[in-house]
Amino acid sequence: MASVALKSFTGLRQSSPEKPHFVTQTKATPNPQFRRRFYVSAAKTSPKIAGRNLRVAVVGGGPAGGSAAETLAKGGVETFLFERKLDNCKPCGGAIPLCMVGEFDLPLDLIDRRVTKMKMISPSNVAVDIGQTLKPHEYIGMVRREVLDAYLRERAAENGANVINGLVMKLDIPKERNSPYVLHYTSYDGKKGGVGEKKTLEVDAVIGADGANSRVAKAIDAGDYDYAIAFQERIKIPDDKMVYYENLAEMYVGDDVSPDFYGWVFPKCDHVAVGTGTVTHKADIKKFQIATRNRARDKISGGKIIRVEAHPIPEHPRPRRLAGRVALVGDAAGYVTKCSGEGIYFAAKSGRMCAEAIVEGSENGKRMVEESDLRKYLEKWDKTYWPTYKVLDVLQKVFYRSNPAREAFVEMCADEYVQKMTFDSYLYKRVVPGNPLEDLKLAVNTIGSLVRANALSREMDKVSL
Ligand SMILES: Cc1cc2nc3c(=O)[nH]c(=O)nc-3n(C[C@H](O)[C@H](O)[C@H](O)COP(=O)(O)OP(=O)(O)OC[C@H]3O[C@@H](n4cnc5c(N)ncnc54)[C@H](O)[C@@H]3O)c2cc1C
C-alpha cells in the first residue's frame with residue numbers, strides 16, 4: 001500500500017522572524033462611534049534608490065523564471081534572468097490547463113495538441129472515456145517544454161530583462177540590511193564548447209526559479225521536500241498509430257505502473273510521451289516504465305524511443321520559501337500538485353505573483369524591498385491555492401492506495417458530474433462549488449464503488465489462491 005503522508009502546507013509563514021514595519025494611526029472622524037477605531041496601514045521604511053532601479057536576479061529560465069522576469073521587467077525593475085542551458089528540454093509531460101493559455105497570453109501555435117479526450121484505464125484495463133462534458137472551445141494543451149520555456153524567456157527579454165546564459169554556482173547572503181546579494185556564476189554568453197567564464201553580479205533581491213534541485217533554496221537553507229522520481233520516454237510511433245492519439249491522452253493506474261502515481265501516454269507534435277512516477281519505490285522506476293509501455297503496447301507498437309528522461313517532482317512545499325530578500329517559486333518552492341503531478345501552471349503563476357509583490361513593494365523599482373514585501377506573495381499564494389493542494393492530497397491518499405481503490409476511482413470517473421467537476425477545476429484552476437444533491441449522489445456512488453471494488457478484489461484473491 002502506498003504510504004503517501006498527508007503533509008501539511010509546511011512552508012506557511014516559516015520565513016525568518018523579521019517583524020513587518022507597520023505604523024498605526026487614528027483617523028479623525030466626526031462620528032464618535034468610530035473614534036476609537038484604529039486604522040492599520042503599512043508605511044514604507046525602505047530607502048528610495050538613487051541613480052538606478054531595483055536590481056533583481058531570477059535564477060532559472062523555466063516557466064517560473066520566464067514569467068517572473070517578464071513581470072519584473074515590465075514593472076520597471078532591472079532584471080537579470082539566468083538560464084544555464086538556453087535549449088533546455090525539461091523532462092515533462094507538457095500538459096497545461098486551458099486557463100494558462102489565456103492568462104499568459106500564449107500564442108496558439110505553441111500548443112502541439114489539443115486534448116479533448118482522456119482515457120482513464122484501471123488496473124484490470126477497464127477504460128473510461130472522460131471529456132464528454134467539455135465545451136467545444138475547451139481542451140488540455142500539450143506543449144514541448146523547449147518551445148514554451150524559450151518563448152517565455154524571449155518575451156521577458158523583449159520587455160527589457162537581461163537574459164544571461166549562465167550557471168549560478170553560489171549566492172552570498174549579505175550581513176548588512178540593504179546590502180547587495182552577490183551571485184557567482186559561470187557565463188556561457190558568446191562562449192562555445194562548454195567552457196565558461198567565472199563572473200559575479202550584485203543584486204538587491206533574488207527569485208529562486210531553479211527547479212527541484214535549487215541552489216538558491218540551499219543558499220537560504222530552505223530545507224528539503226519529499227519527491228517523486230518521474231521517468232519518461234518520447235516515442236515516435238507510426239503515423240497510422242499517431243492518428244489514435246490525435247487529441248487523446250491516456251492515464252493508467254495500477255500497482256504495476258506505479259504504487260502511488262499514474263502512468264501516462266501524452267500526445268506531442270510528432271510523437272507520444274510515455275511515462276510514470278513514484279515517491280515510494282524509486283528504485284523500481286524502470287520496472288514501472290516497462291509496465292506502462294506494456295499496457296499501451298498495442299497502440300504504440302512499431303514505435304522508436306527518441307529520448308529518455310527522468311527528473312524529480314516535489315511532493316510538497318519546502319519548509320521555508322522566503323528569507324530576507326530571496327524567495328522561491330515553482331518547483332524550487334515545491335508547488336506541484338499531488339495526484340496529477342501538475343506544476344507548469346503553478347510555476348508560471350508563482351513566478352508572476354512573486355514578481356508582482358516585488359514591483360509593488362519597490363514602487364516600480366524605485367525603492368529597496370524588504371522581506372515583508374516578498375511575504376505578501378506567499379500569503380496570497382497560500383490563500384489562493386492551499387485548498388487545491390489539500391483536495392488533491394486527499395484524493396491521492398484515498399484513490400491511489402490499492403488496486404481496488406483505483407478500480408473504484410476509474411468507475412467513478414464515468415460519472416458526468418465527476419468529469420465536469422474535475423475538468424472545471426483543472427482547466428480553470430478554481431475550486432468549483434458543487435451541487436449539494438449531486439455531491440450526495442457522488443458520495444453514495446463512491447462508497448458503492450469502493451465496496452464493489454474491494455469485494456471483487458477479495459473474490460479474485462480466492463480464485464488465485
Ligand atoms: C517527467 C515529468 C513529467 C511532468 N509532466 C507534467 C505535465 O504534464 N504537466 C505539468 O503541469 N507539470 C508536469 N511536470 C512538472 C513540471 O515539469 C514542473 O512542475 C515545472 O517544470 C516547474 O517549472 P519551474 O520553472 O519551477 O522549474 P524547471 O522547469 O525545472 O526550470 C528550472 C530552470 O532553471 C534552470 N536552472 C537550474 N539551476 C540553475 C542554475 N544554478 N543556474 C541557472 N539556471 C539554472 C534549468 O536549466 C531550468 O531551465 C512533470 C515533471 C516531470 C519530471
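Predicted model: local features only at pLDDT ≥ 70, side-chain atom pairs only at ≥ 80, totals over all residues.
**Entry on α1 and α3**

I began with helix α1, which covers residues 63–74, and helix α3, which covers residues 145–158, and I found that their axes come within 8 Å and cross at roughly 15 degrees. Angles under 35 degrees count as roughly parallel, so α1 is roughly parallel to α3. I also noted the hand of this crossing of α1 and α3, which is left-handed.

I then listed the residues that make the contact: on the α1 side they are Pro63, Gly66, Ser67, Ala69, Glu70 and Ala73, while α3 brings Leu148, Asp149, Leu152, Arg153, Arg155 and Ala156. Sorted by class, the residues of this contact of α1 with α3 comprise 6 nonpolar, 2 polar and 4 charged.

**Entry on α9 and α10**

Next I turned to helix α9 (residues 344–361) and helix α10 (residues 371–399), whose axes come within 8 Å and cross at roughly 140 degrees. The crossing in which α9 passes α10 is right-handed.

From α9, I wrote down Ser350, Met353, Cys354, Ala357, Ile358 and Gly361, and these meet Asp373, Leu374, Lys376, Tyr377, Lys380 and Trp381 in α10. When I looked at the classes in the contact of α9 with α10, I found 7 nonpolar, 2 polar and 3 charged residues.

**Entry on the ligand**

Which residues come nearest to the ligand, out of the 39 around it? I found that they are Gly62, Gly93, Gly211, Gly330 and Gly343.

I then asked which helices and strands each supply at least two residues of the shell around the ligand. The helices are α1, α8 (330–333) and α9, and the strands are β4 (78–83), β10 (162–172), β14 (227–236) and β18 (304–314). The classes in the shell around the ligand are 17 nonpolar, 14 polar and 8 charged residues.

Last, I followed an open sheet of 3 strands, which has the order β5-β9-β6 and antiparallel pairing. Its edge strands are β5 (95–96) and β6 (113–115), each of which pairs on one side only.

Methods:
Residues numbered from 1 in each chain as written. Axes fitted to C-alpha atoms, helices over the stretch in contact; angles between N-to-C directions. Helix = DSSP H or I, 4+ residues; strand = E, 2+ residues; numbered from the N terminus. Parallel < 35°, antiparallel > 145°, perpendicular 65-115°, else oblique. Left-handed = near helix turned anticlockwise from the far one by under 90°. Contact = placed C-beta atoms within 7 Å. Nonpolar A, V, L, I, M, F, W, Y, C, P; charged D, E, K, R; others polar. Near = placed C-beta within 6 Å. Pairing = 2+ DSSP bridges.
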